[in-house]
Amino acid sequence: MREEFRLLVGLQDLDIMIKEVKDKHTANELKSMGFKLTGLEELQEARKHLAAKIPTSLLNRYEKLAAHYTVAILPVTSNKCLGCFVKLPTSFFSSAYSHELLTCESCGRLLYIP
Amino acid sequence: MESRKLASFFEEDLCIFGLRSKKKISVLQEMVRHLASVGRISDERFIMEMLKNRESLGSTGLGMGVAFPHGRSLAIKELTVLFARSTGGVEFEAQDGKQTNIFFLILAPSDKGADTYLALLSELISIIQKPKKLDSLLAAKDHASLISILGGEES
């Protein structure tokens, strides 16, 4: 996997964690179990550093999608986009695209061939 | 969550009864490597980064010798729990400042909501709050005894 895709997936995992902490229901549940969620600023700082390593155009594409979808980038599995479950055209699987970041023609999510 | 269902998460290849690592990051790495070796995760680096970020939010070492590292990642396909035990203990920055002996590593897929793992986490925490169960878990030496503790009638 190309390094920029890897960074993007890491950013997405981090965004999901930050959303959980900001979500009152989830945060309250975790706190009631005894977890201390005191490091949100550290997480946000880590996100800032990670985002700075991603090319701006790619980051912008991700940010727009992440505003709509929990998962904005994902691997192609069983020839499908696992975001919308639409079968992808066979042209996606030619070697020319094996190292490219693809776009699902149905939902617009970013896809990569794992 | 019924106890039978809870016990079903703990498959034999998802248990480590002799953790070698003694430090926080290395014990996380050891557990993640184990999951990769049994084909449960697609990318160790994603999981490690996610777990390290989670620990920076606040240690998942709740004290009483137990920690619950957890989180969601694209690198995991289904809700997975790994049980690991260290006889010597691990310095895990636990809330009570004591060493951690048992770990429940809980990983959930990114595309599912937090509720997917919160129920499981809550159930496990309620178990360790029972002193008898906790003592048994701390002494569990094999998969059969673990299943007996998690699925048994003892309370």
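Reply: Let's start with the helix pair in chain A. Helix 1 of chain A (residues 3–22) and helix 4 of chain A (residues 56–66) have axes that come within 11 Å and cross at roughly 35°. Those are the numbers to look for, since two packed helices are described by the angle between their axes and the distance between the axes. As for handedness, the crossing of helix 1 of chain A past helix 4 of chain A is right-handed. On the helix 1 side, the contact is made by A:Glu4, A:Leu8, A:Gln12 and A:Asp15, and helix 4 of chain A answers with A:Leu58, A:Tyr62 and A:Ala66. Sorted by class, that contact has four nonpolar, one polar and two charged residues.

Now step back to the chain that holds this pair. Chain A has four helices and three strands, and from the N terminus on they run α-α-α-α-β-β-β. Its C-alpha trace spans about 50 × 30 × 20 Å along the principal axes. Of the 114 residues in chain A, 26% are buried. Take the contacts in chain A between residues at least 6 apart in sequence, and 59% of them join residues at least 24 apart.

The three of them form an open sheet in the order 1-3-2, with mixed pairing. Strand 1 (73–75) and strand 2 (102–103) of chain A are at the edges with a single partner strand each, so each has one side without a neighbour in the sheet. Strand 2 of chain A runs antiparallel to strand 3 of chain A (residues 110–112), and two bridges join them.

Next, the partner chain. On the chain B side, 22 residues are in contact with 26 residues of chain A. The elements of chain B that give two or more residues to that side are helix 3 (44–57), strand 4 (70–73) and helix 4 (115–128). Helix 3 of chain B supplies the largest share, seven residues. By class, the side of chain B that touches chain A has nine nonpolar, nine polar and four charged residues.

Strand 4 of chain B runs parallel to strand 6 of chain B, with four bridges joining the two. One pair to find by eye is B:Ser73, which stands opposite B:Pro109 of strand 6.

Strand 6 of chain B also leads you to a loop. B:Glu93 sits in the loop between strand 5 (80–90) and strand 6 (100–109) of chain B, and has a positive phi of about 55° although it is not a glycine. B:Glu93 is partly exposed, with 14 other C-beta atoms within 10 Å. B:Gly97 lies in the loop between strand 5 and strand 6 of chain B as well. B:Gly97 counts as exposed, with 9 other C-beta atoms within 10 Å. In sequence B:Gly97 is 34 residues from B:Gly63, yet their C-alpha atoms are 7.3 Å apart.

Finally, a word on confidence. The predictor gives the complex an ipTM of 0.88 and a pTM of 0.91. Chain B averages a pLDDT of 91, and 95% of the residues score at least 70. Within chain B, confidence is lowest in helix 1 of chain B (residues 3–8), at a mean of 72, and highest in strand 3 of chain B (residues 66–67), at 98. Where pLDDT is low, the predicted coordinates should not be read in detail.

Methods. Residues are numbered from 1 along each chain as its sequence is written. Chains are lettered from A and ligands numbered from 1 in the order in which they are written. This is a predicted model: local features need pLDDT of at least 70, side-chain atom pairs count only at pLDDT 80 or more; totals for chains, interfaces and linings use all residues. Two strands pair if DSSP finds at least two bridges between them. Two residues are in contact if their C-beta atoms, placed from the backbone, lie within 7 Å. Ala, Val, Leu, Ile, Met, Phe, Trp, Tyr, Cys and Pro count as nonpolar, Asp, Glu, Lys and Arg as charged, and the others, Gly among them, as polar. A residue is buried if 20 or more other C-beta atoms lie within 10 Å of its own, exposed if 12 or fewer, and partly exposed in between; C-beta atoms are placed from the backbone. Axes are lines fitted to C-alpha atoms, for helices over the stretch in contact, and angles run from 0 to 180 degrees between N-to-C directions. A crossing is left-handed if the near helix is turned anticlockwise from the far one by less than a right angle, and right-handed if clockwise. pLDDT is the predictor's confidence in each residue, from 0 to 100.
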